[in-house]
Amino acid sequence: VIVAAKFLDDRVFSNAYYARVGGVSTAEMNRMEKELLHLLDFRLVVSNKSLEAYCKALQSNHLSS
């Protein structure tokens, strides 16, 4: 959520604030954010095609349960 907020919003809270709210240290929050960005290969935009595929999969799973 923090990475998305930073990507989409002009004004965001500091990692120290998010860490305090989340109950982790600022260093841990920074580490997790960095790890996520590397796992995503810094690709924060989702294509329409991917979004549609995920939506269809979610709807299929929801309807079958």
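The questions and answers below concern a predicted model of one protein. Residues are numbered from 1 along each chain as its sequence is written, and side-chain values use heavy atoms, with hydrogens and water left out. Because the model is predicted, local features need pLDDT of at least 70 and side-chain atom pairs count only at pLDDT 80 or more, whereas totals for chains, interfaces and linings use all residues.

Q: Which helix has the lowest mean pLDDT among the elements of the protein?
A: The pLDDT is the predictor's confidence in each residue, from 0 to 100, and its mean over the protein is 93, with 98% of the residues reaching 70 or more. Helices (H or I, at least four residues) are DSSP runs numbered from the N terminus. Among the elements, the highest mean, 97, belongs to α3 (residues 26-39), and the lowest, 89, to the helix of residues 48-64, α4.

Q: How far apart are the end C-alpha atoms of α4?
A: The expected span of a helix is 1.5 Å times one less than its number of residues. For the 17 residues of α4 this gives 24 Å, which agrees with the distance in the model, 24 Å.

Q: What is the count of buried residues in α4?
A: Buried means under 20% relative accessible area, exposed over 50% and partly exposed in between (1.4 Å probe, protein chains only). The helix α4 is hardly covered, and among its 17 residues the count is zero.

Q: Which residues make up the largest nonpolar core?
A: A nonpolar core is a set of buried Ala, Val, Leu, Ile, Met, Phe, Trp, Tyr and Cys residues joined through side-chain atoms within 4.5 Å. The largest one holds five residues: Ile2, Ala5, Tyr18, Ala19 and Met29.

Q: How are α2 and α3 oriented to each other, roughly parallel or roughly perpendicular?
A: Axes are lines fitted to C-alpha atoms, for helices over the stretch in contact, and angles run from 0 to 180 degrees between N-to-C directions. The axes of α2 and α3 come within 8 Å and cross at roughly 105°. Angles of 65 to 115 degrees count as roughly perpendicular, those under 35 as roughly parallel, those over 145 as roughly antiparallel and the rest as oblique, so α2 and α3 are roughly perpendicular.

Q: Is Phe42 buried or exposed?
A: Phe42 is found in the loop between α3 and α4, and has a positive phi of about 60° although it is not a glycine. Its relative accessibility is 51%, so Phe42 counts as exposed.

Q: Which residues is Leu44 in contact with, leaving aside its neighbours within four places in sequence?
A: Leu44 lies in the loop between α3 and α4 and is partly exposed, with a relative accessible area of 29%. Contact means heavy atoms within 4.5 Å, and the residues that Leu44 touches in this way, its neighbours within four places in sequence left aside, are Val3, Phe7 and Leu37.

Definitions and conventions
Helix = DSSP H or I, 4+ residues; strand = E, 2+ residues; numbered from the N terminus.
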